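Reader: I am new to this structure and would like to know what stands behind the terms used for it. Please show it, and I will ask about the terms in turn.

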Amino acid sequence: KCEFVYRVSQETTAIFKIGSTKNAALLYTASRHFEKNNTKADDVRSIKEKLPDAVNECINAAGQEYSVTNQKSLLKAASFGKAFMGYSSASSDLFTETCKILRVLNAVRHREIGLPLSMAQYKVLTPEDLVERLIGRHHHLLGYKICEYLNLSCVRLSNSSRERAKLAPGDPLAYYVLVQWACAKVKKFKNNGSEAALVGEIINKLKSTSSCISFVEIATVAHSVGKVQLATMLLDHEPRAADQIPLLIKVKETEIALQKAISSGDTDLVLMVLLYMQKNNPKDQFYATLNKHD
């Protein structure tokens with residue numbers, strides 16, 4: 001059980017205080033009457049000049065609520081008031097943004113997630129940092145859905161995180177979540193499992209989303225936990241030869257690295273592999289390799 005204690009907002013007090021005659025309270029009451037088909041709903045016309053402020057107060061009050069039922073009733077009141085004031089871009093933008101944020105907050109407040117964030121905390125934290133926290137708690141699916149729902153990009157991601165994942169600032173943040181999910185799968189993988197099945201699962205998930213997601217960070221994690229064969233299998237699907245070959249050399253798969261370098265047509269990569277082989281392989285083995293690829 002989690003109890004979150006915070007100061008009640010001015011908007012909430014203005015609406016729910018007993019006997020309140022504030023415009024937002026009158027709008028909320030009129031909305032409740034409208035739901036019951038009560039003619040007292042027409043009382044909203046008496047505050048028509050003050051409706052924009054009343055609508056905004058209802059929206060802001062909804063953002064402060066933890067009760068989904070109260071959120072809905074306050075947003076219904078705001079929507080009811082908007083119908084009498086015509087189009088207002090400011091109120092419409094605030095209404096849409098608040099609905100989006102509340103949907104995210106309600107998801108992370110669920111007991112299975114356990115992040116009882118307030119609206120103010122969310123705005124200070126930023127959605128990108130919230131996704132990072134979800135990744136740290138292994139809630140990759142929810143993090144991925146939030147990225148897609150809010151259309152988040154990697155622009156706020158740290159340079160080191162972007163560089164490791166081989167992502168550009170404009171790439172969707174959902175790609176980063178997928179890479180971190182794959183890294184977590186590799187770390188949890190047990191030696192008695194099927195490496196081919198794990199690679200197949202990762203490939204299907206990543207390539208069904210985008211063909212340009214890099215496998216380098218995932219392969220690096222596999223190598224760091226001693227799963228060299230798994231790292232090699234993952235690198236076989238890396239689309240960028242310049243990223244693929246240095247790691248193949250690191251895991252001592254020089255023959256595969258040389259083949260990939262030759263296939264890429266990049267003479268600098270071929271030279272890099274040959275120089276490494278010349279330095280680290282016996283001479284007879286090195287010349288045998290040269291003759292094979294002559």
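Author: Contact means heavy atoms within 4.5 Å. By that rule, and not counting residues up to four places away in sequence, Leu 102 touches Ala 62, Gly 63, Gln 71, Leu 75 and Met 119. The model is a predicted one.

Reader: Where is Leu 102, and why does Leu 102 count as buried?

Author: Leu 102 has its place in helix α5, residues 89-108. Buried means under 20% relative accessible area. Leu 102 has 3% relative accessibility, so it counts as buried. As for its place in space, the C-alpha atoms of Leu 102 and Ser 118 are 9.5 Å apart, while in sequence the two residues are 16 apart.

Reader: What makes Leu 141 exposed?

Author: Exposed means over 50% relative accessible area. Leu 141 has a relative accessible area of 58%, and therefore it is exposed. Leu 141 is found in helix α8, residues 140-150. Its C-alpha atom is separated by 9.8 Å from that of Ala 174, a residue 33 places away along the chain.

Reader: What is the phi of Asn 37, and is Asn 37 buried or exposed?

Author: Phi of Asn 37 is near 60°, a positive value, and Asn 37 is not a glycine. Most residues other than glycine have a negative phi. Asn 37 lies in the loop between α2 and α3 (51-64). With 73% relative accessibility set against the cut-off of over 50%, Asn 37 counts as exposed.

Reader: What makes helix α14 mostly covered?

Author: Helix α14 spans residues 241-250, and seven of its 10 residues are buried. The buried residues are Ala 241, Asp 243, Gln 244, Ile 245, Leu 247, Leu 248 and Ile 249. They pack against α12 (216-224), α13 (228-235), α15 (254-264) and α16 (267-280).

Reader: How do you know that Ile 249 is buried?

Author: The cut-off for buried is under 20% relative accessible area. Ile 249 has 10%, so it is buried. Ile 249 lies in helix α14. Leaving aside neighbours within four places in sequence, Ile 249 is in contact with Ala 257, Met 272, Val 273 and Tyr 276. Glu 97 is 152 residues from Ile 249 in sequence, and the two C-alpha atoms are 49 Å apart in space.

Reader: Which residues of α2 and α4 meet?

Author: From α2 there are Leu 27, Tyr 28, Ala 30, Ser 31, Phe 34 and Glu 35, and these meet Ser 73, Leu 74, Lys 76, Ala 77, Phe 80 and Gly 81 in α4. The residues of this contact divide into seven nonpolar, three polar and two charged.

Reader: How do you know that α7 and α10 are roughly parallel?

Author: Helix α7 (residues 127-136) and α10 pack at an angle of about 15°, with their axes 11 Å apart. Angles under 35 degrees count as roughly parallel. The two helices are therefore roughly parallel to each other. Their crossing is right-handed. The contact is made by Glu 128, Val 131, Glu 132 and Ile 135 of α7 and by Leu 173, Tyr 176, Val 177 and Gln 180 of α10. Five of the contact residues are nonpolar, one is polar and two are charged.

Reader: How many residues has the largest nonpolar core, and which have the most contacts inside it?

Author: The largest nonpolar core has 87 residues, and Leu 27, Leu 130, Ile 202, Ile 218 and Leu 234 have the most contacts inside it. Helix α10 (residues 173-188) gives the largest share of this core, 11 residues. Apart from neighbours within four places in sequence, Ile 202 is in contact with Trp 181, Ala 182, Val 186, Phe 215, Ile 218 and Leu 234.

Key: Residues are numbered from 1 along each chain as its sequence is written. This is a predicted model: local features need pLDDT of at least 70, side-chain atom pairs count only at pLDDT 80 or more; totals for chains, interfaces and linings use all residues. Side-chain values use heavy atoms; hydrogens and water are left out. Helices (H or I, at least four residues) and strands (E, at least two) are DSSP runs, numbered from the N terminus. Ala, Val, Leu, Ile, Met, Phe, Trp, Tyr, Cys and Pro count as nonpolar, Asp, Glu, Lys and Arg as charged, and the others, Gly among them, as polar. A nonpolar core is a set of buried Ala, Val, Leu, Ile, Met, Phe, Trp, Tyr and Cys residues joined through side-chain atoms within 4.5 Å. Buried means under 20% relative accessible area, exposed over 50%, partly exposed in between (1.4 Å probe, protein chains only). Axes are lines fitted to C-alpha atoms, for helices over the stretch in contact, and angles run from 0 to 180 degrees between N-to-C directions. Angles under 35 degrees count as roughly parallel, over 145 as roughly antiparallel, 65 to 115 as roughly perpendicular and the rest as oblique. A crossing is left-handed if the near helix is turned anticlockwise from the far one by less than a right angle, and right-handed if clockwise.
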